[in-house]
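Q: I have a structure open and would like to go through it with you. Could we take it piece by piece?

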Amino acid sequence: MAPAEQDALAVRERLFHEWVRECIICALLFASLYILCHFIITHFKKHTDFAAVHDDEDAAVNRIALGLCTFTLAVALGAVLLLPFSIISNEVLLSFPHNYYIQWLNGSLVHGLWNLIFLFSNLSLVFLMPFAYFFTESEGFAGSKKGIMARVYETSVVLLLLTLLVLGMVWVASAIVSNDAASRQSLYDLWEFYLPYLYSCISLFGVLLLLLCTPFGLSTMFTVTGKLLVKPRLLEDLDEQLSCTRLEEAAVSRRISSGKASCWLNLNVELLREQFFAIRSKRRKLELRHRASPWQRNLGYPLAMLGLLALTGISVLIVCFHVLELLLDDAAMPRGIQDASLGQVSFSIFGSFGAALQVVLIFYLMLSSVVGFYSSPLFTRLLPERQDTPLTKIIGNCVSLLVLSSALPVFSRTLGITRFDLLGDFGRFNWLGNFYIVFLYNMGFAGLTTLCLVKRVSWAVQAELIRAFGLHKLPLPVTRSRPLGKPC
């Protein structure tokens with residue numbers, strides 16, 4: 001064999017081994033995410049939906065739909081970890097460029113992960129989740145033999161009709177927006193144009209949803225932190241609250257034991273018992289907080305609030321600086337690349353510390369967006385309950401989390417939280433090149449976050465000062481409904 005042929009064979013063999021290695025790594029990563037998501041969904045699902053006591057067919061259908069939900073949730077979690085994994089990989093390759101044990105961590109692997117997440121996100125949003133919902137609601141065509149296959153046929157027909165309807169709407173929308181005559185005449189470029197256009201609309205909706213949920217979630221996290229952590233003695237009198245709760249619990253207990261309701265309130269014994277259990281639960285929580293150590297009381301709450309303020313303030317400052325960059329330099333616009341060149345330059349001017357800060361900010365913004373999503377009045381009913389969440393609500397939660405998480409890389413790059421450019425098809429969204437959309441999006445995030453932060457912090461400080469000085473115990477002034485001197 002000639003030397004040239006040997007070299008070509010060696011190159012092909014090396015590429016084959018790299019491809020196998022990347023497939024194994026991707027399979028192991030996704031299997032880990034799938035197992036984790038399976039435990040999460042099992043923690044929230046309603047077990048009666050999967051018991052085969054009443055109908056074996058319904059239980060089997062629900063298990064299939066649950067597997068699809070687990071797959072979708074694993075994809076959503078992978079989309080959340082996608083950008084932090086890429087940033088950390090770049091910093092690791094910069095720190096250890098010639099280490100033999102991390103040679104598997106390269107640009108080809110990262111690029112493949114981005115493409116897989118994009119593919120699975122499209123697959124889950126367009127096919128798997130609609131199939132899971134219609135599959136659980138189907139019963140088979142009238143006159144056909146009952147069974148799982150009858151449900152599969154009905155679900156496939158309904159999903160096909162829905163797909164044709166959605167593609168027709170996308171075709172009409174693209175024909176209205178685009179001036180290309182070919183796009184208005186045929187549907188030949190389905191994979192290269194219409195599906196990316198559809199996902200571009202979905203990603204735009206997800207990014208807008210993140211814009212609305214994140215500031216609201218940031219303000220909600222301040223409130224939740226104040227309720228979960230023990231406040232210092234200056235800001236909260238736990239002794240007084242515990243004493244009042246014990247007296248209230250004793251009073252309700254005496255009313256239950258006597259078996260007599262109040263003479264002016266028509267209360268039954270069952271209602272009194274529910275009230276008693278609620279007061280007892282509140283009393284136990286107060287006792288747990290009362291037994292907290294001075295370190296938890298005097299350091300935990302201030303450090304947590306300072307941490308939230310610092311992360312929120314840094315996010316707003318980064319976005320404001322990115323707005324100035326957009327006005328001065330076109331290179332600040334988000335863009336997509338097809339080749340991941342890792343290990344060459346850091347994506348932060350502060351090096352590894354800046355990269356770590358970017359990762360923390362990405363997770364923080366994602367957490368705040370999820371908190372804001374479930375705290376908003378429109379989506380409060382989607383909040384899952386432990387061991388009591390029906391399958392349809394699980395499907396809705398998986399779709400919502402996938403929309404939020406798949407928009408997270410675009411969200412972070414659009415706001416300038418990171419300099420890591422979008423890989424693969426994530427950078428093909430049409431609206432990313434529109435300066436006005438990107439500029440207004442940054443201004444909207446900075447304005448809404450600042451407004452929510454100032455409003456929440458100012459109100460919280462005012463409430464704590466009023467409580468600390470005992471002003472909340474003062475009697476309120478009584479306003480008269482009629483002038484003095486006039487008879488009733």
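Q: Where is Ser348 placed?
A: The model is a predicted one. In it, Ser348 sits in the loop between β1 (336-337) and α10.

Q: Is Ser348 buried or exposed?
A: Ser348 counts as buried, because its relative accessibility is 13% and the limit for buried is under 20%.

Q: Which residues is Ser348 in contact with, leaving aside neighbours within four places in sequence?
A: Ser348 is then in contact with Gly354, Ala355 and Gln358.

Q: And how many residues apart in sequence are Ser348 and Thr418?
A: They are 70 residues apart in sequence, and their C-alpha atoms lie 7.5 Å apart in space.

Q: Stepping back, how many helices and strands are there in the protein?
A: The protein has 13 helices and 2 strands. It comprises 488 residues, of which 40% count as buried.

Q: What share of the contacts with a separation of 6 or more comes from residues 24 or more positions apart?
A: Such pairs account for 79% of those contacts.

Q: Now the salt bridges. How many does the count come to?
A: The count comes to 5 salt bridges. One of them joins the side chains of Lys46 and Asp388, at 3.9 Å from N to O.

Q: What about Arg151 and Asp58, how do their side chains meet?
A: The side chains of Arg151 and Asp58 form a salt bridge, with 2.5 Å between N and O. This pair links distant parts of the chain, since Arg151 is in helix α4 (residues 148-177) and Asp58 in helix α2, 93 residues apart.

Q: Buried or exposed, for Arg151 and for Asp58?
A: Arg151 is buried, with a relative accessible area of 8%, whereas Asp58 is partly exposed at 29% relative accessibility.

Q: Why would such side chains pair in the first place?
A: In general, side chains of opposite charge can pair when their charged atoms come close.

Q: Which residue does the side chain of Glu249 meet in a salt bridge?
A: The side chain of Glu249 meets that of Arg283, at 2.9 Å from N to O. The two are 34 residues apart, with Glu249 in helix α7 (residues 238-258) and Arg283 in helix α8 (residues 269-290), so this pair too links distant parts of the chain.

Q: Are Glu249 and Arg283 buried or exposed?
A: Glu249 counts as buried at 10% relative accessibility. Arg283 is buried as well, with a relative accessible area of 16%.

Q: What else is Glu249 in contact with, leaving aside neighbours within four places in sequence?
A: Besides Arg283, Glu249 is in contact with Phe276, Ile279 and Arg280.

Q: Changing topic, how many residues has the largest nonpolar core?
A: The largest nonpolar core has 84 residues, and those with the most contacts inside it are Trp114, Phe411, Phe420 and Phe426. Helix α2 gives the most to this core, with 16 residues.

Q: Which residues does Phe426 touch, not counting those up to four places away in sequence?
A: Phe426 touches Leu82, Trp114, Ile117, Phe118, Ser406, Val410 and Leu432.

Q: Last topic, helix packing. At what angle do α2 and α3 pack?
A: They pack at about 155°, with their axes 9 Å apart. That makes α2 roughly antiparallel to α3, and the crossing is left-handed.

Q: And at what angle do α1 and α3 pack?
A: The angle between α1 and helix α3 (residues 107-137) is about 50°, with the axes 10 Å apart. The two helices are therefore oblique to each other, and their crossing is right-handed.

Q: Which residues meet there?
A: Glu22, Ile25, Cys26 and Leu29 in α1 meet Ser108, Leu109, Leu113 and Leu116 in α3.

Methods:
Residues numbered from 1 in each chain as written. Predicted model: local features only at pLDDT ≥ 70, side-chain atom pairs only at ≥ 80, totals over all residues. Heavy atoms only, no water. Salt bridge = Lys/Arg side-chain N within 4 Å of Asp/Glu carboxyl O. Helix = DSSP H or I, 4+ residues; strand = E, 2+ residues; numbered from the N terminus. Buried < 20%, exposed > 50% of the residue type's maximum accessible area, 1.4 Å probe, protein only. Contact = heavy atoms within 4.5 Å. Core = buried A, V, L, I, M, F, W, Y, C linked by side-chain atoms within 4.5 Å. Axes fitted to C-alpha atoms, helices over the stretch in contact; angles between N-to-C directions. Parallel < 35°, antiparallel > 145°, perpendicular 65-115°, else oblique. Left-handed = near helix turned anticlockwise from the far one by under 90°.
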